[in-house]
Amino acid sequence: MAKSILFVISRPPYKSENPKLAITHAMACFVADMHIDEEVEPVVAFVGDGVLNCIKNQRSQEFYGIISTEQHIKNQLASDMRMLVCKEDLYRLDIKPERLINARDMGADIDLNVVGFNEVQKEMERCDQMMWF
Amino acid sequence: MRLGVFVSDCQKNDSMLERLNGEGLGIFFVENGVYHAVIHENGRDSGVLQKKGVNYYALASDIQTRGFTTSEIDSRVNVVTYEDVVDLMMNDYEKLIWL
Amino acid sequence: MATISIGLFSSLIGSMNSDFAVKLAETAVNKGHSVNLWFSGNAVTLARKGQKSFKDYSYLAERLKALQENGVAIVACEACAAARGIHKDDVIEGIAVHSMDWYVARAAKSDRVLHIGGE
């Protein structure tokens, strides 16, 4: 049976390295079974100001020459990684659903999953381990 | 879920702490988080201390590092050592987060 | 006894998070627990050899060496280190360098994980 790790992202992108490190650590779960006898299932949750990572049309590549957080999120969606976005924080920051990243152009079958904070808490209970970024 | 939350700052994360709940929630004040347990800004206790059903802990060495004594700690807060923190982490809390 | 994985993402200088993490690891080891210590982001600076001790700055190199001698697995993130100009030859003897999958695998198998975020 797979172990699960929940990566909670609570900071906005770019000023802090934390959101990208959360995403890259989550991605590393896909090869964690090189080290242990079980698979590791990553789940990512954006809460608080962390939901600002989920706004599309990021242009960091153009202005700073670094891959955007958006591209990382798209890669993860295309890899079928479950990604939750806190509904209350989107409302608080007046971010409409049409502004959210999707990876349909990359053939992703899933989108960011907008859920209430209570659902994030349920995921916190369900997971085996949690890392708060 | 028995959740232990480490609070290392005194000026942020109140809103996230407000949302976190659950039976047996524990809040560990460490580093500058210990100010929540001793400072009365504008005469009022920290809002973090208003949560019901929470066990509060403050690291004695971080209190004393900042010029306070453990006798100044709010009565709701348990003063703990690193040894206590390790025991609490292992025995009383299944998951831990650092805000 | 249990296994605890401590992930540290704060820098050596400019934050007391590193001091906290090392003290916590020391205490856990002294109580007989098994400890994994992972440095990522700016925390990879803890792994760099040649650090000089000043009274105004945190100095943890000797304590890390003692932890490692007491069986603590101390590992720095390879990409985070290389991005900061820290390569395998620049790392304190006994501290390993791995990619992130090492940490998430260890964390998944641990009894407790404390992930101390960066700035």
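Student: Leaving aside neighbours within four places in sequence, which residues is Phe29(B) in contact with?

Tutor: Phe29(B) has Val7(B), Val34(B), His36(B), Ala37(B), Tyr57(B), Ala58(B), Leu59(B) and Val77(B) as its contacts beyond those neighbours. Bear in mind that this is a predicted model, where local features need pLDDT of at least 70, side-chain atom pairs count only at pLDDT 80 or more, and totals for chains, interfaces and linings use all residues. Residues are numbered from 1 along each chain as its sequence is written, while chains are lettered from A and ligands numbered from 1 in the order in which they are written.

Student: What makes two residues count as in contact?

Tutor: Their C-beta atoms, placed from the backbone, have to lie within 7 Å. Each of the listed partners of Phe29(B) is in contact, so each pair passes that cut-off.

Student: Which residues touch the most other members of the largest nonpolar core?

Tutor: Phe29(B) and Val104(C) do, in a core of 110 residues. H4(C) gives the largest share, 7 residues.

Student: Why is that called a nonpolar core?

Tutor: The name means a set of buried Ala, Val, Leu, Ile, Met, Phe, Trp, Tyr and Cys residues joined through C-beta atoms within 7 Å. Buried means 20 or more other C-beta atoms within 10 Å of the residue's own (12 or fewer is exposed, in between is partly exposed, with C-beta atoms placed from the backbone).

Student: How many residues does the contact take from chain C and from chain A?

Tutor: Chain C gives 19 and chain A gives 21. H4(C) supplies the largest share of chain C's side, 8 residues; helices here are DSSP runs of H or I, at least four residues, and strands are E runs, at least two, numbered from the N terminus.

Student: What classes do the residues on that side of chain C divide into?

Tutor: There are 9 nonpolar, 7 polar and 3 charged residues on the side touching chain A. Ala, Val, Leu, Ile, Met, Phe, Trp, Tyr, Cys and Pro are nonpolar, Asp, Glu, Lys and Arg are charged, and the rest, Gly among them, are polar.
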